[in-house]
Amino acid sequence: MSSLDAREIPVDPVSAQRLEAIGLAYRLIDTEDSTAADAFLRAETRGFLDPEPNDELLEFERATISARRNTGVFPAGAGRTDLPVATVNSWVTPLTVPGGEIDMWAISAVTVSGTHRRMGIARAMLEGELRAAAAAGVPVAGLTASEATLYERYGFAVAVPVMRVRVKTRRAGWGGSATAGRIEYLERPRLASDLGAIHERARLQRGGQIAGWPARWERMAGLAPNDTKASSVRGVRYIDEDGTTRGVLAYTLAEAGQSEGIELSVRHLTAETPDALRALWRFAVQHDLVTIVTAELRPVDDPLPLLVADQRGVEQTVHDHGWLRILDVPAVLSARTFATDVDVVVTVTDPLDLAAGTWRLKAVAGERASVEAAPEAAADITLGIAELSAAILGGVALTRLADAGRVHGDASHIDALSGALRAERMPHLAIWF
Ligand SMILES: CC(C)(COP(=O)(O)OP(=O)(O)OC[C@H]1O[C@@H](n2cnc3c(N)ncnc32)[C@H](O)[C@@H]1OP(=O)(O)O)[C@@H](O)C(=O)NCCC(=O)NCCS
């Protein structure tokens, strides 16, 4: 993977100029200056409608943002201690694709203060992030969104739908096969480190996953300073018959309400073997006194419904989660392996004109593709950059996008490319960022 450090990439001059024209300065935050870092964090917290952070929380969050490229928008003439009126941050992380990994420009902390809404600041920042990433040679950008209506206008699309599950344990029962390993409780610091270690291995098994970072796992393990549920966090791990940890579950227990018994809420479940996944699901679903098990951010093909005796005891709600925006079409298409042979000419349109063009894509099943610019060729398939971004991991079928009227061309070519983009396991993104 690339060793590109996003913090070294300057702000995009086009957006800087656009913001300057409305009296605003667009600049990178020096996180070595803790006053500037705290002002950024306080503005971000306010933007996300969270309570004012205390010193302990600021210190905890500084560790994360110091590894990122943080950009603030300031009123002209703002001083060192002034809060920015808008925030965004980004970093380069590996993104798993079928058959490999590519660099992704991860975008987070997008906020605009209540006093400066609807002036085009978010648009300037998002376009600025995409132009900076493209100029640095990063082939794709990604984010998770507070609202599903914000990012398509910049060419992002949902590439990784996930599901929320709610299990009524008495109805669901258990029908899964036995596993040979054992389950053990973990203290919180160990829970955090084991979550991180297993995620680092498990993330390579499905497209859509990115690398985690220490504070992510500390938060899951109940070690973050502002975690009101910290004292209820419990953790267990699955150890296989050879003594190796293969999966970890962090969860909380609470009254389920309406005399429904106890609810076990999965905070994070990561497993690198099917045995570990089955054993940890069994631990949760068959836990004594627990009547409800809930979990967020599960892959849409999680085997859970096939592990219980009565599938109707498992409610599944699919929703958007991982949003991608391709910035370099040939780089991304040639980074993944394809499920079947394919040979098509594809024309891609782009509202920001960062990645438009016509290419001939040729691939043999199980291998990477050759992608050649073919500006003169007649397209077999025409689609927008958002639609290609949606389909690239196999999480949203191209045929489904075509049925929705969002991909155009000859049906046999669309079927062929859709089949070639299919992934054996649906993509997954197990974290918010
Ligand atoms: C969402 C948010 C960042 C938008 O900031 P903003 O500076 O007011 O947005 P802009 O003025 O640049 O608007 C950009 C575009 O988004 C649209 N838009 C802005 N807020 C929107 C919303 N809440 N829902 C749908 N569209 C929205 C605008 O209409 C505009 O569309 P156009 O450029 O295609 O005409 C801001 O409202 C905010 O900070 N919200 C709370 C924090 C949050 O949810 N952040 C997103 C994290 S993923």
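Glu56 is placed in helix 3, which spans residues 55–65 (helices, H or I of at least four residues, and strands, E of at least two, are DSSP runs numbered from the N terminus). The model is a predicted one, in which local features require pLDDT of at least 70, side-chain atom pairs count only at pLDDT 80 or more, and totals for chains, interfaces and linings use all residues. Residues are numbered from 1 along each chain as its sequence is written, and side-chain values use heavy atoms, with hydrogens and water left out.

With a relative accessibility of 51%, Glu56 is classed as exposed (exposed means over 50% relative accessible area, buried under 20% and partly exposed in between, with a 1.4 Å probe and protein chains only).

In helix 1 (residues 13–20), the buried residues are Ser15, Ala16 and Leu19. Viewed down the helix axis, the buried residues of helix 1 fall within an arc of 105°, so they line one face of the helix; the arc is that of the directions from the helix axis to the C-beta atoms. Pro13, Gln17 and Glu20, on the other side of helix 1, are exposed.

Asn89 belongs to strand 3 (residues 86–97) and is buried, its relative accessible area being 2%. Its side chain forms a polar contact with the side chain of Asn70 at 3.1 Å (a polar contact is a pair of N or O atoms within 3.5 Å; within protein, one must be able to donate a hydrogen and the other to accept it, and residues adjacent in sequence count only if both atoms are side-chain atoms).

The largest nonpolar core contains 100 residues, of which Trp105, Ile107 and Phe156 touch the most other members. Apart from that core lies another, of 28 residues, including Trp174 and Val314. Such a core is a set of buried Ala, Val, Leu, Ile, Met, Phe, Trp, Tyr and Cys residues joined through side-chain atoms within 4.5 Å.

Around the ligand there are 21 residues, among which Val110, Val112, Arg118, Arg123 and Ser146 come nearest; a residue is included if one of its heavy atoms lies within 4 Å. Strand 4 (100–112) and helix 4 (121–135) each contribute at least two residues to this shell. A ligand nitrogen atom is 2.7 Å from a polar backbone atom of Val110, and a ligand oxygen atom is 2.7 Å from an N or O atom in the side chain of Ser146.
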